[in-house]
Amino acid sequence: MQQTVRTLFRMRGRKGGQPVPSYSPASRLSIAALAILSVGGLLSNSAAAQASPQTPVTGIRVKQPLSPEILAMHARAKRPVATAPTSLELAATTAPAPTTFNSEQGPGPGPIGPGPGCNLFPAPASIGTSVPLSYFGPPPSDTNRSLVGPVQLLDTGVVDVAHGTITIPLYLGHLKGSGKNVWYILTDVDDSNVAAELGLNFSTKLTFASHSARTGNLDANGNIVFDAGTVNFKPERKIIPGPPGHEFPPAFATPGSVGDANYGPLVRIVNAANVIYNAPMVAFDVNANEISFPNGNVDYTKVHDQVVAIDPVNMTVTINLINGFSFGRPVWYLSMDTSIPLGAAIEHNTFAPLMQKLLLGHDDSFASPVERIFISTNGPESGSCNNPLRQGLSADLADGFRPNNVLGGIPTLALDYSPYWDAQLFEWTQDAIDHGFRGQVREEFQILTFVQDGLITGPNGGKFQSAGFAINCPIVQRLD
């Protein structure tokens with residue numbers, strides 16, 4: 001079984017994972033700050049991306065701000081803030097997951113689950129006091145986004161708390177040569193000024209992921225003409241879980257959408273200073289009338305499985321949100337692409353082969369393109385959503401709700417955010433389970449401490465390390 005799991009997660013052509021070093025919060029900030037100052041060394045020598053001479057301190061080239069002309073080119077991609085559909089034809093968010101959830105197409109249940117194990121939305125501040133809810137003023141996150149939330153980080157659209165979705169602008173680009181339609185979204189960018197202009201997440205780490213990015217050019221309207229990369233949305237997602245209590249790894253899994261060898265969600269804009277966007281594809285080679293589902297009931301043979309509504313007339317798309325934690329705080333994020341088929345099947349997203357070029361296993365080392373995401377394989381699952389400690393892939397495959405993964409740094413909590421997450425699968429030891437130590441973990445350094453203490457290992461008792469695959473999960477909102 002150990003060999004089976006390793007085979008499932010080993011990337012083609014990649015050597016075995018290296019031990020992942022842990023860093024103190026102070027060193028994480030220092031490393032991230034150094035990265036921000038030095039990313040220019042990886043840029044091309046185009047006139048739009050000229051870097052300054054080497055600094056005497058580091059010997060590394062420093063990235064220069066975009067010129068007003070180049071920034072204006074990127075500003076063409078700005079769209080009005082998207083508004084949510086007035087009527088979504090969705091299943092009731094409090095209903096139990098259907099018994100066929102492992103073979104159903106689409107996003108699966110939303111983040112507002114029927115019990116505390118599937119619903120991480122925090123209680124209001126008035127709980128446990130005699131002060132009424134109306135007394136509590138607005139959170140201070142408008143003045144300091146690192147303080148009390150909720151704080152929305154992806155600002156291009158409206159979060160629908162009732163359904164656990166976000167509606168954001170839909171873009172129509174084209175494939176160079178064939179002119180085929182490429183329907184995509186924008187979530188992250190590696191330039192802070194472009195991020196502020198467009199309302200996207202800023203991730204300086206994306207510069208270090210350039211070798212796993214497609215190339216493209218902005219047209220006069222701010223849409224992207226992609227040089228390569230296609231996605232086939234016709235396959236049917238299907239998973240056959242393992243036996244009860246050990247549902248992960250599944251006996252069979254195939255994703256619902258599959259990219260070609262040139263597809264990855266990142267794109268480097270050649271004619272605009274090589275700025276790198278996270279631009280996941282949501283539909284390909286279809287006309288607007290074929291994907292017009294403004295109120296739901298989406299045809300998932302044509303559209304990404306995480307889409308719950310798409311409106312090519314108003315150019316908006318509504319996407320499912322996923323529960324998770326970052327440094328102990330509940331968050332909502334998107335799940336768009338994964339670098340291996342098994343991960344894409346479990347995540348209800350697209351298998352993106354170009355992501356396999358990412359350097360993994362070196363989170364927070366210099367020039368790392370990724371952050372870590374911690375995924376339990378055998379967390380508590382008894383009682384399903386009624387269990388407040390519920391967590392992990394076996395729980396996900398048993399009841400259909402998401403596994404409550406733990407993310408590393410996100411904007412407002414750290415400087416080292418990347419939407420590319422290096423998967424760290426972990427397993428509670430039998431000794432920890434027998435002693436009643438197994439529970440829901442919510443914070444990176446808590447997990448690493450349990451690894452150090454011998455309570456948590458890699459799958460099947462192996463070494464805790466990178467599992468050898470990555471997931472594209474842009475952050476949307478910090479809930480507190």
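Reply: Two strands count as paired if DSSP finds at least two bridges between them, and strands themselves are DSSP runs of E with at least two residues, just as helices are runs of H or I with at least four, both numbered from the N terminus. This is a predicted model, in which local features need pLDDT of at least 70 and side-chain atom pairs count only at pLDDT 80 or more, while totals for chains, interfaces and linings use all residues. Residues are numbered from 1 along each chain as its sequence is written, and side-chain values use heavy atoms, with hydrogens and water left out.

On those terms, four strands make up an open sheet in the order S2-S3-S18-S17, and their pairing is antiparallel. The edges are held by strand S2 (158-160) and strand S17 (307-311), each of which has a single partner strand, so one side of each is left without a neighbour in the sheet. On average, neighbouring strands of this sheet are turned by 20° against each other, direction ignored, where axes are lines fitted to C-alpha atoms and angles between N-to-C directions run from 0 to 180 degrees.

Tyr171 and Tyr184 form a stacked pair, with 5.3 Å from centre to centre and 20° between the planes. Because Tyr171 belongs to strand S4 (residues 171-175) and Tyr184 to strand S5 (residues 181-184), this pair ties together parts that are 13 residues apart in sequence. Tyr171 and Tyr184 are both buried (under 20% relative accessible area, against over 50% for exposed and partly exposed in between, with a 1.4 Å probe and protein chains only), and together with Phe226 they form one aromatic cluster.

Two further residues show the range of burial. Ile269, in strand S14 (residues 266-269), counts as buried because its relative accessibility is 0%; Ile269 and Asn217 are 52 residues apart in sequence, yet 5.1 Å apart in space, C-alpha to C-alpha. Leu133, in the loop between helix H3 (68-75) and strand S1 (151-152), counts as exposed because its relative accessibility is 54%.

How values were computed
Rings of Phe, Tyr and Trp (its six-membered ring) pair if their centres lie within 6.5 Å; planes under 30 degrees apart count as stacked, over 60 as edge-to-face and the rest as tilted.
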